[in-house]
Amino acid sequence: MRKTLGLLLAAAALVGVTGVATAGDGGPPPRAQNILGMVLSTHASPYASRPRGSGNLVYHGGAVQHGTTAYSIYWVPAGYSIASNYQSTIDQFFRDVAADSGKTSNVYYADTQYTDGAGPAAYSVAFGASYVDTSPFPASGCTDSVSQTTVCLSDAQIQAEVKRVASLNGWGGGPSKEFFMFTAKNVGSCSDSSHCAFSGYCAYHSWIGSGASETLYANQPYTDTVPADCDAGPHPNGSEADPTINVVSHEHNETITDPNGNAWYDLAGYENGDKCAWYFGTALGSTSFGQYNQLINGHGYYLQQEYSNSTRSCVLKGY
């Protein structure tokens, strides 16, 4: 049976209070309750020359995904905005990842080496639907330190809106679907009182419930909100969506291999994306807008690498 994790790991600053071991490169991303795979911002996550964490990923007995459908939600009420090609570029990415399902030529294929009792995780992605949510934001449910944000959403508020939109559209739930919540520019969020968007993290994945009623989701703040600590790479599509797509890939791959925080992570608590966060490897080429290191269904993207147990390294394709 899937279970909700208790407090497993906390930020490096809490070492000595919680007894959590660090890995010597800024400490592990938080794994508090249901919050997993937090992409620490470049401010909070210094670059290193080797995979982060501690050794290979270890199997902890939980399920991996044997196929997944992604849904994108863009929460943009009146008075807020996203770039004109933000939604179309992100949705293009999801369609491209789906079109190339099963191929060894991008970071998603590395997931297939991680197994559970029913077999290996699958690079089998579908894109379900996209929805623009114009519902007003609730009153701030948290307080962050980023001066440019005008509202701060708590994880509970994000959960509630994901579930409302999924129900409104008849999308259902279950362990083979993931809902990506994209908030507008200058919108903050906090997973708890200590970890907030842009200054502390760029994205995270989580879940609500279990079984057929489970809702897997990812919180995806607008990465080009100042400070620019969530945008560390080129924009090959000439879009403010490019850095968001990088952290989407991080969360998507982690959900495939560790949807409920009880499948694959290393001894320091790092999932496959965490171990290679902000490691981009060698570019394949350039568009008129910038370099790309992934060519997925004919479109260029600049994505972080994913961890491979097989080679004990970060990889851009295969494993």
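This is a predicted model: local features need pLDDT of at least 70, side-chain atom pairs count only at pLDDT 80 or more; totals for chains, interfaces and linings use all residues.

Tutor: Gladly! A disulfide is a pair of cysteine sulfur atoms within 2.5 Å. Residues are numbered from 1 along each chain as its sequence is written, and side-chain values use heavy atoms, with hydrogens and water left out.

Student: How many disulfides does a search of the whole structure find?

Tutor: Four. With the bonded cysteines numbered in sequence order, they pair 1-2, 3-4, 5-6, 7-8.

Student: What is the torsion about the S-S bond of Cys190 and Cys196, and which hand does it give?

Tutor: The torsion is about 100 degrees, so this disulfide is right-handed. Its sulfur atoms lie 2.0 Å apart.

Student: And what about the link of Cys142 and Cys152?

Tutor: That link is left-handed, with -105 degrees about the S-S bond. The sulfur atoms of Cys142 and Cys152 are 2.1 Å apart.

Student: Are Cys276 and Cys314 buried or exposed?

Tutor: Buried means under 20% relative accessible area, exposed over 50%, and partly exposed in between (1.4 Å probe, protein chains only). Cys276 has 0% relative accessibility, so Cys276 counts as buried. Cys314, at 15%, is buried too. The disulfide of Cys276 and Cys314 has a torsion of about -95 degrees, so it is left-handed.
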